[in-house]
Amino acid sequence: MKAPTATHCPYCALQCGMNVAAGSEESGAGETVTITPRQDVPANAGGLCQKGWTAGELLTGGQRLTTPLLHGEPAGWDEALDYVADRIRQVQAEHGSDGVAVFGGGGLTNEKAYQLGKFARTVLRTSQIDYNGRFCMSSAAAASNRAFGMDRGLPFPITDLAEADAVLLAGGNVAETMPPFLRHLTAMRERGGSLIVVDPRLTATARQADLHLQPTPGTDLALALGLLHLAITEGHLDEAYVAGRTTGFDAVRTSVASWWPERVERITGVPVAHMRQAVAILGGAGRAAILTGRGAEQHAKGTDTVTAFINLALALGLPGRPGSGYGCVTGQGNGQGGREHGQKADQLPGYRKIDDPAAREHVARVWGVDPRDLPGPGRSAYELLDALGTAGGPRALLLFGSNPVISAPRAGHVTGRLGSLDLLVVSDLVMSETAAMADVVFPTTQWAEEGGTMTNLEGRVLLRRRAVTPPPGVRSDLEILQGLAVRLRGLFSGEHASAGADPARAFSTEPREVFDELRRASAGGVADYAGITYERIAAETGVFWPCPAEDHPGTPRPFLDGFPTPDGRARFVPVEHRPPGEDVDEEYPLYLTTGRVLAHYQSGAQTRRIAALNAVVDETFVEVHPDLAERLEVSAGQLLRVVSRRGVAEGVARVNPAIRADTVFMPFHWAGANLLTNPELDPVSRMPEFKVCAVRLERVG
Ligand code: SF4
């Protein structure tokens, strides 16, 4: 057995530290890989969930792609890369640069996310790039930027939560999505603190709560307005903090004046007494945190919903105080880093805006190109997928680390769009549902087979280390991008090229070299990595950004001395409740909400291939309340059909009093749930409304 290598879990944003030991130098089918948790990483400190414990199967299982596929047939790497480059040239000759689009992922390392953005803008010269993180925490990011001038998931170390006296978690089920997170909340409760959970379901996390608020899906915003109304009227306003560290409170005070608790109870279904109890707990706590997850964020009003919770946190004087604050519980493994380095439609590295002339100048200088040649902002994720194959939309798509056939809203429609393309190229480690549609599939290396950095939900930059040798035949995304860059050249050739521009050098395949360039590109930006080195990350078990210089300690709590806004103050923003994009009616009388189960991750492309996880749950299901089951004469185990205006899905009935009687739940790890979901977009974040739509139930047979 090789000596274990310290690295991090391939899955969620907690990025638990783990040691990976391979049976021999090379892994592969039949080999043994042993995983043990690391004690030195504060996020998990010796804990892992069942997804992490079984992640070795991804390395040794037999379902791995190991050769490029060209129209479903094995092909050589040169043949596949030549084909893709030729087809890109043809499509761009006919449809212009934006005829080719790129779709990235929140699981890609920082180096890959950075290189993907650079490749799109300099080689393809397309504005059409976005990523699946748009479907994850974009509403919280938009709200945090609006209020604080910065979006860093938790703007404090996760261990601060154990020191709080109260935590309110809105729309997050960490007991199933990232179980080691729970130990920080448990430590808080053991010290006498209180946990408040807001969720339409009595989830595993809500069962641990001292107080569970169970609103109707799509009404979290009204609930947050009601809590702020009560915080003000019941004397919990931190007037000194509001006066000294914020702006805009008067407008918010006026806007919540009409959100008296009885009105909020009528809209949300949450009893007034529960609201009063929540406000008393938060207002009476010396240190408190308000956290949001996808349940509050994945709405067509997600940005305003998070803003309402931030307004509540500001009124209570929490952000920027030690042991207190507002934070977003980011979901995907590199959901944080993935949104900082330029694979978003509107961003350049360092969390810079792509339409900011100074940002374009800086990044173009690092890339050795003319800023006038860089494209501007493109379409957001769903808008990009929706435009594929249409007149004026992209005709070709290069997709890295994402599986939109399962994970996109209105997935049946998106699948149709993907099927209408002239060219679909997918880079993945397994034959996902989207890869199965592709003209070309590139087989890639995965987590423990490669190096790089990941930025976890705390904004702590971590080192992913190579622990096993990848199987013969696979290449890293960095190698794929270099292979295409050398063939296509883009701004690195002809009249636009700076002297000596060489695409092979501009697109290094060495993660450390890419990271060093990323550091320069991010320098001076909001997400400043300039002072972070691989050596420092290893020595310090992670470094918090912003970190502008190598002798800078990093910034665990960026808001302690002020907020990165022009006047240094956090901004209250007045927001109003509005109904979901699609409300229930006679034809579709039930709310559908979607979420996760403990054993699976995201679209399930990886976890559905792990026997131990399938042994826990291996098919989708429809959770219904006993009253609803009785009314519809449905029993547990019966096959149900769920119908929305966009599609039909089937699942086995689970009858469970933990859910509201007006709501059904489906997990989104299998084909089904997202055939139903509503793609209506948040006007600010462009987040689709995954978390609520109207459906009806039918018994099958
Ligand atoms: Fe930790 Fe998340 Fe991996 Fe589970 S899935 S072991 S919580 S990083």
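This is a predicted model: local features need pLDDT of at least 70, side-chain atom pairs count only at pLDDT 80 or more; totals for chains, interfaces and linings use all residues.
## Domain organisation

The protein chain is divided into four parts: domain 1 (5–60), domain 2 (69–133 + 336–544), domain 3 (138–329) and domain 4 (590–699). Between domain 1 and domain 3, the C-alpha centres are 33 Å apart.

These two domains touch: nine residues of domain 1 are in contact with nine residues of domain 3. On the domain 1 side of this contact, seven residues are nonpolar and two are polar, with no charged residues.

## Ligand shell

Around the ligand there are 14 residues, of which Cys9, Cys12, Cys16, Cys49 and Gly52 come nearest. By class, the shell comprises 10 nonpolar residues, three polar residues and one charged residue.

Domain 1 (5–60) and domain 3 (138–329) each supply at least three residues to the shell around the ligand.

## Parallel sheet

An open sheet is formed by five strands with parallel pairing, and their order is S10-S9-S8-S12-S13. The edge positions belong to strand S10 (211–213) and strand S13 (325–328); each has a single partner strand, so one side of each is left without a neighbour in the sheet. From one strand to the next, the twist averages 15°.

Within this sheet, strand S8 (residues 166–170) pairs with strand S9 (residues 194–198) in the parallel sense, over five bridges. Leucine 168 is positioned opposite isoleucine 196 in S9. In general, the strands of a sheet pair through backbone hydrogen bonds, in either a parallel or an antiparallel manner.

Note on methods. Residues are numbered from 1 along each chain as its sequence is written. A residue is near a molecule or strand if its C-beta atom, placed from the backbone, lies within 6 Å of it. Ala, Val, Leu, Ile, Met, Phe, Trp, Tyr, Cys and Pro count as nonpolar, Asp, Glu, Lys and Arg as charged, and the others, Gly among them, as polar. Domain bounds come from an automatic or database domain assignment. Two residues are in contact if their C-beta atoms, placed from the backbone, lie within 7 Å. Two strands pair if DSSP finds at least two bridges between them. Helices (H or I, at least four residues) and strands (E, at least two) are DSSP runs, numbered from the N terminus. Axes are lines fitted to C-alpha atoms, for helices over the stretch in contact, and angles run from 0 to 180 degrees between N-to-C directions.
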